[in-house]
Amino acid sequence: MLPIAKLTARLSFPTSVTFPYWMGNTFRGGFGIHVRRACCPDLRRDCYSCDSREDCIFYYTHMKKDSKVGYGAPPKPIVFIPPFFGKSFTVDKNGFLDVGILLFGRFTLYLPHVALGLSMLGQSGIGSERRYDVNKFKLEEMRCSFSKDVVYDGSTINIGAMRTIDLADYARDGVSATDNLSIGFETPIMVKTGEFPPALDKLLSMVRQRLILYVNEYGDRVKIPDFECSATIKSSSDHFHNIKSRSQRAGKRDFHTYTGTAEYSIEKMDENAMQLLRIGLLIGAGPKPSFGLGFIRVID
């Protein structure tokens, strides 16, 4: 249905660095700047008139406007998922920061480009107040989340150590049936005011919609089956975040988002629903995945 790879990049900082509480656009934007510098044969040329755009990683990750199916821009094939602490935080001198990365479809082959773009970003610097002269980092390693092996050790790439899975096979294991389910919203999720936490069937619908977009763009465009699920919310906690984003193309934007937890009492959950939940634990739910929004986990 859809090939996918998941990596964890470990970044080490020689000096103390203070980050803003949200970095979803920081890594995406910084990576885009440097991967374009590394791969583009003519930085002065407009991407949309370039004959090489269909083979360009930057075009697909940052510039492509039209989806293969439907309307609007497609989901991005490379997603950075930095940790979300809900407040500004400091990485101490010689400290580490782990960043998750998802690669979809044929872009699972772009491990060297991801390593190069992150390494170049680290040499330039990243962080609060644009203090790029001091906020430098080294890409210490990248590890495959499926094989558990190191695919980049700071100097050498080992593509053979990276395991790519098919999302259909991954989903077949489902999630064990249970009467109670606790979900942690690890990174901010976009929902309407007053609708957090979402009902479980609503949350699974958000996973399904994200999945459909990815399958249509980078997979086999198979029909994603519907599901049956009914549950009540036993308890919850919520934190509102008005996240601000700025980009050269879209300008300034505000995302109204939430983090928190929700404990559900399950009344009915068919096999399709359990498979969607397992997929959601990997690809997240709702809009704006390219900014690292909407990633969830099951709380033991």
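**A tour of cavities, a pocket and helix contacts**

The largest cavity has a volume of about 50 Å³. This is a predicted model, in which local features need pLDDT of at least 70, side-chain atom pairs count only at pLDDT 80 or more, and totals for chains, interfaces and linings use all residues. Residues are numbered from 1 along each chain as its sequence is written, and side-chain values use heavy atoms, with hydrogens and water left out.

To see this cavity, select Trp 22, Met 23, Gly 24, Ile 81, Pro 82, Pro 83, Phe 84, Thr 187, Pro 188, Phe 291 and Gly 292, which line it. The lining has eight nonpolar, three polar and no charged residues. (Ala, Val, Leu, Ile, Met, Phe, Trp, Tyr, Cys and Pro count as nonpolar, Asp, Glu, Lys and Arg as charged, and the others, Gly among them, as polar.) In total the structure holds three cavities of 30 Å³ or more. On a 1 Å grid over the protein atoms alone, a cavity is a set of points where a 1.4 Å probe fits but cannot get out; a pocket is an open set with protein on both sides within 12 Å along at least five of seven lines; lining residues have an atom within 4 Å of a point. A volume is the space filled by probe spheres set on the points, which are joined across faces, edges and corners.

Next, go to the second largest pocket, with about 340 Å³ of space. Select Lys 6, Ile 81, Glu 186, Thr 187 and Phe 295, the closest to its centre of the 17 lining residues. Elements giving two or more residues to this lining are β1 (3-13), β5 (95-104), β9 (180-190), α6 and β12 (296-298). Helices (H or I, at least four residues) and strands (E, at least two) are DSSP runs, numbered from the N terminus. By class, the pocket lining has 10 nonpolar, three polar and four charged residues.

Now show helix α6 (residues 271-283) together with helix α5 (residues 200-218): they pack at an angle of about 65°, with axes 9 Å apart. Axes are lines fitted to C-alpha atoms, for helices over the stretch in contact, and angles run from 0 to 180 degrees between N-to-C directions. The two helices are therefore roughly perpendicular (65 to 115 degrees). Select Leu 204, Val 207, Arg 208, Arg 210 and Leu 211 of α5, then Ala 273, Leu 276, Leu 277, Ile 279, Gly 280 and Ile 283 of α6, to display the contact (heavy atoms within 4.5 Å). Its residues divide into eight nonpolar, one polar and two charged.

Finish at helix α1 (residues 24-39) and helix α3 (residues 111-124), which pack at about 105° with axes 8 Å apart.

Conventions
Parallel < 35°, antiparallel > 145°, perpendicular 65-115°, else oblique.
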